[in-house]
Amino acid sequence: MDWPKGVEGLSYGGDYNPEQWPEEVWDDDVMLMREAGVNLVSVGVFSWARLEPREGEYDFGWLDTVLDKLHAGGIAVNLATPTASPPPWFTLAHPEALNTRPDGVRQVHGSRDTYDICAPAYREASRAIAAKLAERYAEHPALAMWHVHNEYGSSTFSEHAERAFRVWLQEKYSTLDALNAAWWGSFWSQHYGEWEQILAPRATQYLSNPAHELDFKRFTSDAMLEHFKEQREILRAANPDIPITTNFVFGQWVPVDPWKWASEVDLVAFDSYPSAPDERAEQQVALHADLCRSWAGGGDWLLMEQAAGTLHSKDGRIAKSPGRMARHSMIHISRGSKGAMFFQWRAGRGGAEQWHSALLPHAGKNTRVFREVTEFGNTLPGIAHTVAEPVETDVAILWSPESWWATGGGAHLPGPVDYLENVAQIHRVLRDRGVVADFAAPEGDLSKYKTVIAPTTYVLSRAGAENLRWFTAGGGRLVASYLTGAVDEHCQVWLDGYLGGMTDLFGIRVTEHLPQPAGEPRALWNFGAAERFCELVELRGAQCVTQYATGDVIENQPAVTVNPFGEGEAWYVSCKLVDDAWDRLFEELKLSGPGRPGLDVVDRGPWRFIINHTEREAQVGNVIVPAGSWAVDGKR
Amino acid sequence: MDWPKGVEGLSYGGDYNPEQWPEEVWDDDVMLMREAGVNLVSVGVFSWARLEPREGEYDFGWLDTVLDKLHAGGIAVNLATPTASPPPWFTLAHPEALNTRPDGVRQVHGSRDTYDICAPAYREASRAIAAKLAERYAEHPALAMWHVHNEYGSSTFSEHAERAFRVWLQEKYSTLDALNAAWWGSFWSQHYGEWEQILAPRATQYLSNPAHELDFKRFTSDAMLEHFKEQREILRAANPDIPITTNFVFGQWVPVDPWKWASEVDLVAFDSYPSAPDERAEQQVALHADLCRSWAGGGDWLLMEQAAGTLHSKDGRIAKSPGRMARHSMIHISRGSKGAMFFQWRAGRGGAEQWHSALLPHAGKNTRVFREVTEFGNTLPGIAHTVAEPVETDVAILWSPESWWATGGGAHLPGPVDYLENVAQIHRVLRDRGVVADFAAPEGDLSKYKTVIAPTTYVLSRAGAENLRWFTAGGGRLVASYLTGAVDEHCQVWLDGYLGGMTDLFGIRVTEHLPQPAGEPRALWNFGAAERFCELVELRGAQCVTQYATGDVIENQPAVTVNPFGEGEAWYVSCKLVDDAWDRLFEELKLSGPGRPGLDVVDRGPWRFIINHTEREAQVGNVIVPAGSWAVDGKR
Amino acid sequence: MDWPKGVEGLSYGGDYNPEQWPEEVWDDDVMLMREAGVNLVSVGVFSWARLEPREGEYDFGWLDTVLDKLHAGGIAVNLATPTASPPPWFTLAHPEALNTRPDGVRQVHGSRDTYDICAPAYREASRAIAAKLAERYAEHPALAMWHVHNEYGSSTFSEHAERAFRVWLQEKYSTLDALNAAWWGSFWSQHYGEWEQILAPRATQYLSNPAHELDFKRFTSDAMLEHFKEQREILRAANPDIPITTNFVFGQWVPVDPWKWASEVDLVAFDSYPSAPDERAEQQVALHADLCRSWAGGGDWLLMEQAAGTLHSKDGRIAKSPGRMARHSMIHISRGSKGAMFFQWRAGRGGAEQWHSALLPHAGKNTRVFREVTEFGNTLPGIAHTVAEPVETDVAILWSPESWWATGGGAHLPGPVDYLENVAQIHRVLRDRGVVADFAAPEGDLSKYKTVIAPTTYVLSRAGAENLRWFTAGGGRLVASYLTGAVDEHCQVWLDGYLGGMTDLFGIRVTEHLPQPAGEPRALWNFGAAERFCELVELRGAQCVTQYATGDVIENQPAVTVNPFGEGEAWYVSCKLVDDAWDRLFEELKLSGPGRPGLDVVDRGPWRFIINHTEREAQVGNVIVPAGSWAVDGKR
């Protein structure tokens, strides 16, 4: 499917909320958008209260005008269904359809996302407003794409959710015996005697059951997907030529499995908000881009939101220095995004996000930010022809949302585990070595990769284990790190050596987890160091690549091993290595590419994208890229 | 109005809770009070359960006795209405009249302040007990003042509050259209279609609306004031000669606007509890005193509570070293307080505050603390004649409670802002330069000042902006720091350059906020440094006083500017300066006085108050003040 | 009573949960238990849902099989009542019988301990399941002991609790006047006019009443004890020869008074989970052991749970290095435990505690942990004869659970107090000096001790004060540290000098508490230093042992004093001393024994237990103990 329908070249623009401004501003908006090179805007994302001021009473006049003005100005529209923020009347009319916290508190309007994704009344209201929009705008010439909802992610622990959860569980397990077995119900007297006894993981006295928690996350992902699909079918029916998407938000708290969702959207869209002030921001942005490309699986994807002027970090926000917005955008575009979109076009005067950075700042067009936005926007048409070629790589990193969820906050784990950091570390070290990597689902198609890296893939299903075995047997090189395959899809421990049961594949058994105190690194012979987590490994045929040089119990025990298996080989890293040690290992594995630290280099067909994040001019081949700038070269 | 009626000279004493002690202690109390120089005590602050043991059943016998004994001993009484702590029977009789948290939990008795300020039943019970006290004691010869309630400050998010909030909003905005516009309701679908849809800012899913939050704070301030006025009218009617007050507590969480309240009380009373172990405690005390004097606007004010023996800090409490209690008291008295009162007279044996310091410690009269209390109390009559003269100054600092509230905890701001610290910093640097400053409301009368300093006055209303413009045009010197005038009275951003819209006044536009990472100060040319927050300034006629020497985007851009305007001039400081830089600027502005670091010097008519907080003897003119001591000199 | 009935020598084993595993594993379990030297297992601790899958519907078949297999294998059974985890059906059948948080939220099943200890329905269900077990297994030959419930400790703030609390209070105080006086009800208007007005200490607005809190803790301890006794009577009636116990858990949050409970169990059982990674873990384990022995008062006691392979600390868990499990076990055994038990036998595959360490790890028998378990288990029979002799000492440290509770988290205290650390500090310094100490209740029998140390015994009742006075008068040496006797049994301050009113005993008055800033130690003359807390002491006959060398107010004031009293003497330490200063004081008091830092030495009759925690070989007398090892010597 052609997407955003009618947009030529790269998409450039952002969320546009004209309903927040008087009509006299709208013409100015269109004029400035054209000046900035904007060709696509997301309209109506939170407009429900303006579109349906009273239940069943609609007002589309303003939106008609807006779409007509945009179309006249040559700006395409990514039109949103507004279901991410029900209006105040919804709370009063359907109090039982509000989001419910684990402690039973219903969250009222006054923010956004105050709905219960499982409540029939909310579902019905969502379908109704989507149908009205479809009816009125499906054929509007400005319409380029549908943007369903916004950043799916709000869990609810209501009775509606519990009722739907039970249905979902019955479909999955058929019998209570199967569920009790899967959830290890005999521990702490959690055997269920009736389906009605199963609740959401609500406020309880002490530690909760990890299998229960994980299934509830999966269920919530599916419930949200159902909500999405209900709207999608309505929109599709109205005009099958308009692509339909929703924007993914990234966080451990988000119960959305992108691998399952990606095939349901016409293009994968993503909101990229890095959370570090320094070069880790660029690392995160590159990670986001590679994840999106991989979720899209060769299909289209788009950076749907980023902030033009600021970065958020633990310390609060900081400004993006000159050129950084363009470089972040180019990280996405070079790695496959079909454009660079932002939240938002015009900075809001009021509301909770009045200080969210925008393309057009509060101080107007005579500002540094708008000048950069305009300069970059007018550069994009010049490179539109270079992005037709695919991004190709033979290295994949496993991305397991379930491992991320299962190692989250409240979990009782064998030691300190930061799943995202472990994935990001692999990605970062590879990027610094110039390697562009894909991500892959543990159960996904690995046939096109030579090397697959599984960082702390804690949850490894039977199917995932089989997949890795098949990949290796067929000639692949598998590199797994500690705690990979610790538990199966039911969060049950893989007995007799962990490793997803694949002790033969790796030629070892892991016999004990040995978390280490903070601040006490453990040296490896000729191989850098480990920190916080080691495992005791028993060799069962594998070769020992290096051993621990220090440490109670582990001294002189295997730290990194390799085992030939079928046509391939399986490496195992039994600890949390520091960056240098991974770099050392990747040197051994001969993984390297044209980039280097501070320099993104991505080759696509005849085109080479170079992004220089450093404060010095950089040369790659014959191309010289000024400090803080980027280039696309056709003569690699 | 004469206040505390019948108390000659300076008031000295504290909260007195005889109902906690057997009657035989009462005579001892009066004797020791006389020994300590006590002439005023606050009685009955939390006595409701003893005055009305069952609903409608009263027992005043014990209070009759106490008042008679005090009167016989020459001690005047500041008689409290006990409404800050309803008795246990109230919870059971009126469960719907309890304070409700944002998550809907009603807070039961077992502490203090367990009531819903908006509940009709609580209002009625408050009026009833106030009327009983008025009826019985309005003519009692011991009665010197009424003390209504205690430390107003407990918010409630109940349906009572929501009902009253809606009425308040209707009075303020008249129409929903006006409210929706003021609250920027189109963001996140928050347009209200009916008044009934407006709730308190209860538990919601994500960020709340800042205009909603700010109006709810204002409403709560007004609701509490209404409660105060209801009691005041009853007490006034019973004897119009008795002054009426209530004691203010200081904290960002306190929804009380002192500028609005000050005109409703006969004298401003204040509870001063500094929260630092070191010299910042003295800075805070001086800040408290200058705030109180300014709120009182030339009228009377009184330090109503402080702790005799201890200071609280983040680290827990520490003891006040010898002389420190007297010096803190003298900071207040020298800056205008009509005395020094304490919580509490006799240290309690039990209850939640059993370890709160008191004038008479647990160990009795043979203690260091009581000896200091007695010594200081007997000194006060000797200086009573010196306090008739006013404290005068031509420098004012703006104090904006709304800016404090709006930059509080949960708010989504353009960068790190600590409003109180920014105000305190100006006050501190001026104090160290010997300058006594007033505080002024942004919309208040500025006509008597030559210099007005507006530190980060984030919320600046249209009226406030007009006031500053008028002040400057008329010859005043205005000094504003970063984020001043960022938003208006509806928390809406001032567009096209911030600054409360007064880009012409300052001769600049602020085009971008540039929060900076912690630990990375930005040098100014010849002017110290900034930290955490800078702004990008575009000159539009102003002169540049100094520029940033370092920093992305800001290097060589204006940091401090000055612009002549009418008869006056407007300075702008576009960043968070460090103390030294403010000192440098005040040197430029020729702001200095007779005090110096560690030494408070306040001149009032012919009298000079000198307080030496240092560990060395200090000389000011001909007067030598021993280390840790103070003096009042008549020959300045 | 003989205990664990039929177990010869030392008990060795752990919680055994066969219901989590298929039956084919059970034979393997018994075989491996025998291999490891296991002779006792705790069965059924959380098995309610398997024993009573539906209300009133029982299934004992699996348990019959398990007990028979164990008996056949020579393994005795400590059979648990499963009441610590009601099944899911209980939540739905008796929603009002769920644990209620202070904010009113009822905690549903999904974890453990989801019941309201005061709910009649829960009590009834508990008695019923206990009766069924008693009926079926009281005469089973495998049955060695009953294990009632598990780790009593979950508070509830329900209406059931409030109703029972009122009855408890009526029994204690008889009249509301007495209660109001005891609770200092006149503060903050907390006088109760009817019993019905008394609530649990539920969510309230601000600080709560410490006497209310303390009585609620005592009540909860008694309510839980009642629940225990109800089951005990049922089990006892079925077979009076089987000993009955429950396992204590250790924590400030646990409302269980071990001094009151110890006499109600046939042996004291304890779960010992140290919380530090370094040598403080051994200190904690020794503290646990000495507490247990003391609670048992010469009776039997048993280490019921510990973790075989891991330690928990703030930083997460770390592995126990080789030998450490055995040394921890030996700390307990040498100090009196009749064995070493663990949670749990076989590491669980699923559930909240799937990563809890076990005797038999996930990786099976070919693991370091199981090898150590087996080696140690097979050593125990060889020392069984050595433990018949009692542990004897003439030094006792007071252990006051009420002081721990009363100085907990939310309390408003005169300064920073960490009760447990202060007790642990005394125990640690004595242990490092080779002294094995008992613990004693403040009101307990002190007649067998020469020295009694009272570290910060904040709550000191009238009876406790009398007890200490009697002890000293009779020739004892009492050493008390700061804040001892600050308040009485009603949390009311001891007036006129604190010290539990015993100013004559100590020959001093404490006139002021002087908390000190963190990081500013106060030197004592020739005696180390104090930190965080000092007191101002007035000599009234005592000798000054040393004075403060620095510090506001305290400089040159008494820091440590001693006063002859009757036949004995009373020492007072008016501050928080650092370890070295306590060591110096104990040197003065001639308290020393055969152990030294890193080396536990415990003499029992002719036997000497030596545990070497250091990394070097150690010699004690003629005995040489290898690094990290232990020995029992008969030729002391």
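**Note on the predicted model**

1. The end C-alpha atoms of residues 15–380 of chain A lie 19 Å apart, and this span is 41% helix and 11% strand. UniProt, in an unreviewed entry, lists residues 15–380 of chain A under "domain: Glycoside hydrolase family 42 N-terminal". The model discussed in this note is predicted, and the values quoted from it should be read accordingly.

2. The annotated positions in chain A deserve attention next. In an unreviewed entry, UniProt places the feature "active site" at E151(A) and E305(A). These residues are spread over 155 residues of sequence, yet they cluster in space, the largest C-alpha distance being 10.5 Å.

3. The setting of E151(A) is a loop, namely the one between β4 (143–147) and α6 (159–173) of chain A. Is E151(A) buried or exposed? E151(A) counts as buried because it has 20 C-beta neighbours inside 10 Å, and a residue is buried if 20 or more other C-beta atoms lie within that distance. Leaving aside residues up to four places away in sequence, E151(A) touches A84(A), N247(A), V249(A) and D271(A).

4. E305(A), by contrast, is found in a strand, β8 (residues 301–305) of chain A. E305(A) is buried, because 25 other C-beta atoms lie within 10 Å. Not counting residues up to four places away in sequence, its contacts are N247(A), D271(A), S272(A), M341(A), F342(A) and F343(A). N247(A) and D271(A) are among the residues touched by E151(A) and are also among those touched by E305(A).

5. Turning to the assembly, the contact between chains B and C takes 52 residues from chain B and 52 residues from chain C. On the side of chain B that touches chain C, the elements giving two or more residues are α2 (48–51), α4 (88–93), β10 (316–319) and α12 (368–379) of chain B. The largest share of that side, four residues, comes from β10(B). By class, the residues on this side of chain B divide into 21 nonpolar, 21 polar and ten charged.

6. Two helix pairs within chain C may be examined in turn. Two packed helices are described by the angle between their axes and the distance between the axes. For helix α5 (residues 120–137) and helix α8 (residues 210–238) of chain C, the axes come within 9 Å and cross at roughly 20 degrees. Angles under 35 degrees count as roughly parallel, and α5(C) and α8(C) are therefore roughly parallel to each other. Their crossing is right-handed.

7. Which residues of α5(C) and α8(C) meet? From α5(C) come R123(C), S126(C), R127(C), A130(C), A131(C), A134(C) and E135(C), and these meet H227(C), E230(C), Q231(C), I234(C), L235(C) and A238(C) of α8(C). The residues of this contact comprise six nonpolar, three polar and four charged.

8. In the second pair, helix α1 (residues 23–36) and helix α3 (residues 61–72) of chain C pack at an angle of about 30 degrees, with their axes 10 Å apart. That angle makes α1(C) roughly parallel to α3(C). The crossing of α1(C) and α3(C) is right-handed. W26(C), D27(C) and V30(C) of α1(C) make the contact with V66(C), K69(C) and L70(C) of α3(C). By class, the contact of α1(C) with α3(C) has four nonpolar, no polar and two charged residues.

Terms used
Residues numbered from 1 in each chain as written. Chains lettered and ligands numbered in written order. Predicted model: local features only at pLDDT ≥ 70, side-chain atom pairs only at ≥ 80, totals over all residues. Contact = placed C-beta atoms within 7 Å. Nonpolar A, V, L, I, M, F, W, Y, C, P; charged D, E, K, R; others polar. UniProt positions renumbered as here; feature names shortened; annotations may be inferred. Buried ≥ 20, exposed ≤ 12 C-beta atoms within 10 Å, placed from the backbone. Axes fitted to C-alpha atoms, helices over the stretch in contact; angles between N-to-C directions. Parallel < 35°, antiparallel > 145°, perpendicular 65-115°, else oblique. Left-handed = near helix turned anticlockwise from the far one by under 90°.
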